[in-house]
Amino acid sequence: MRQVALALLAGALFAVGLGVSGMTQPSRVIGFLDVAGDWDPSLAFVMVGAISVHLLAYRVLRWQEGRERAGAARAPRFPLLADRMDVPTRTDLDARLFAGAALFGVGWGLAGYCPGPALVSLATGSRAVVAFIAAMAAGMAIEHFTRARAQRDESSR
């Protein structure tokens, strides 16, 4: 229960951060993407902040793994609220990755939303946000069913 409560608190803090930084406003995102016009660098500052926090957490995780491999005694345990942290191991670049990135970028540029800010913006009840979330959910469902079908087809061969 404690882990769920802290996850809810972290999500709420993230939502407040998105709102305070103005990243729930599509005009900020579109302004950031308009490098040839009236460029708005505020999203770049938010990204640098997020990347910095992630980089620090990732380095701490790698430091801990190195200490554990070396047999160090009493190394601090990270993550604090889970048994382990899942770190992606795939490093290959394939057509699905590029297609997904392109689709995400086009949607982001056209709508001015990415998933996190769009979910936070649902509180406004805006039709545009509801339409974006519906389209995002439909895309996720299509990908899920397409992948499941491809895996079934491959396993039947």
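Visitor: How many nonpolar, polar and charged residues are in the lining of the largest pocket?

Guide: This is a predicted model. In it, the lining of the largest pocket has 12 nonpolar, 4 polar and 6 charged residues.

Visitor: What makes Gly100, Leu103 and Phe104 lining residues of the largest pocket?

Guide: A lining residue has an atom within 4 Å of a pocket point. The largest pocket, with a volume of about 720 Å³, is lined by 22 residues, and Gly100, Leu103, Phe104, Gly139 and Met140 are the closest to its centre. They are listed as lining residues, so each has an atom within 4 Å of a point.

Visitor: Which helix gives the most to the lining of the largest pocket?

Guide: H4 does, with 8 residues. Helix H4 (95-111) and helix H6 (127-156) each supply at least two residues of that lining.

Visitor: Which residues are the closest to the centre of the second largest pocket?

Guide: The second largest pocket has a volume of about 410 Å³. Of its 16 lining residues, Phe14, Leu18, Met23, Val46 and Ala50 are the closest to the centre. H1 gives the most to this lining, with 5 residues. Helix H3 (42-69) is among the helices that each supply at least two.

Notes:
Residues are numbered from 1 along each chain as its sequence is written. This is a predicted model: local features need pLDDT of at least 70, side-chain atom pairs count only at pLDDT 80 or more; totals for chains, interfaces and linings use all residues. Side-chain values use heavy atoms; hydrogens and water are left out. On a 1 Å grid over the protein atoms alone, a cavity is a set of points where a 1.4 Å probe fits but cannot get out, and a pocket is an open set with protein on both sides within 12 Å along at least five of seven lines; lining residues have an atom within 4 Å of a point. Grid points are joined across faces, edges and corners, and a volume is the space filled by probe spheres set on the points. Helices (H or I, at least four residues) and strands (E, at least two) are DSSP runs, numbered from the N terminus. Ala, Val, Leu, Ile, Met, Phe, Trp, Tyr, Cys and Pro count as nonpolar, Asp, Glu, Lys and Arg as charged, and the others, Gly among them, as polar.
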